[in-house]
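Have the structure open as you read.

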Amino acid sequence: MSDEELEDDEIILSEMDDQEIIELMFEDLYDGYADEIVEETEELLGRGWTPYDTLTKGLVAGMEIVGRDFRDGILFVPEVLMAAKAMKAGMAILRPLLAETGAAKVGTMVIGTVKGDIHDIGKNLVSMMMEGAGFEVIDLGINNSAEEYLAAIEEHKPEILGMSALLTTTMPYMRVVIDSLKSKGIREDMIVLVGGAPLNEAFAEDIEADAYCRDAAVAVETAKKWMQIKHPQ
Ligand code: B1M
């Protein structure tokens, strides 16, 4: 291809409409192109998109396509890892914007992905949105044992414990954590919120969590609701 033809093919974001940028984002996320995702995220923000819409309509929607093709055996772990890296690059831009809040601190949450599980994108989104809603968030990262949750609770004295699991094989570990809260006699001091794609309300009820949160926005609403119930101001 000649230089001229290459130039013709060059993507100029400013000349594209919003929908075209979203579609490009889906493609670039799928291909794991972190630099491009950063540019597209910035472009949408520059056009007045809210950080929340950029996150949900761009990055999260794009990740759903990746998830579908991973499930169907079209994409494999290395490709999904690249997509996750690209997603995180976009999230890094959005994080401070979502966390920007004039609100007074409304509570503290310790959150982490449970033992055996290394998925952290959803948990990170929950952390970002909770920070944006005025919560202090202590994020323990991935692969947390009951002892690690307990140590963090002891240290930070949160009102809320959040747990994330993305695998059917790791979600039962949430019960182990809740049981260890019970053995320590601190279960009733805590609001326990759980989330992750394979969970549902029946599971949350079964393990005696306070609530299942379908997504990050629901997590914020549920956290606020439970703060009113357990710690009315
Ligand atoms: Co994994 N993986 N993965 N993976 N991975 C899933 C979960 C899977 C459903 C894909 C599939 O087959 N369709 C499948 C699980 C099947 C099952 O258990 N039934 C799966 C598998 C099998 C695996 C491996 C076993 C693959 C392998 O090695 N053969 C392996 C396991 C590793 C391990 O953990 N031990 C594995 C590895 C990986 C990667 C490392 C490649 C990568 C993770 C990278 C990372 O997170 N840093 C990865 C990814 C990216 C996925 C998919 C494609 C996407 C997950 C994601 O980030 N979604 C996923 C497919 C899917 O979920 N459809 C899949 C986007 C995110 C915004 O959504 O995480 O659901 P989500 O979070 C939402 C809500 O669930 C909720 O709010 C979030 C924001 O709205 N939420 C909470 C989540 N946590 C919450 C906590 C709360 C509240 C709400 O607390 C209060």
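How many residues surround the ligand, and which are the closest? There are 33 of them, and the closest are Ile 118, His 119, Asp 120, Ser 164 and Thr 168; a residue counts as near if one of its heavy atoms lies within 4 Å. Keep in mind that this is a predicted model, where local features need pLDDT of at least 70 and side-chain atom pairs count only at pLDDT 80 or more, while totals for chains, interfaces and linings use all residues. Numbering runs from 1 along each chain as its sequence is written, and side-chain values use heavy atoms, with hydrogens and water left out.

His 119 is the only protein donor of the ligand's cobalt atom, with NE2 at 2.2 Å (donors being N, O and S atoms within 2.8 Å of the metal, or 3.2 Å for Na, K and Ca; water is not among the atoms, so sites may look incomplete). You'll find His 119 in the loop between β1 (107–113) and α6, helices (H or I, at least four residues) and strands (E, at least two) being DSSP runs numbered from the N terminus.

Now for the N and O atoms. A polar backbone atom of Ile 118 is 2.8 Å from a ligand oxygen, and a backbone N or O atom of Thr 168 lies 2.9 Å from an oxygen of the ligand. Asp 120 uses its side chain instead: a polar atom there lies 2.8 Å from a ligand nitrogen.

Zooming out, the elements giving two or more residues to the shell are α4 (51–71), α5 (77–99), α6 (121–132), β3 (160–164) and β4 (191–195). The largest share, 5 residues, comes from α5.

Notes:
A polar contact is a pair of N or O atoms within 3.5 Å; within protein, one must be able to donate a hydrogen and the other to accept it, and residues adjacent in sequence count only if both atoms are side-chain atoms.
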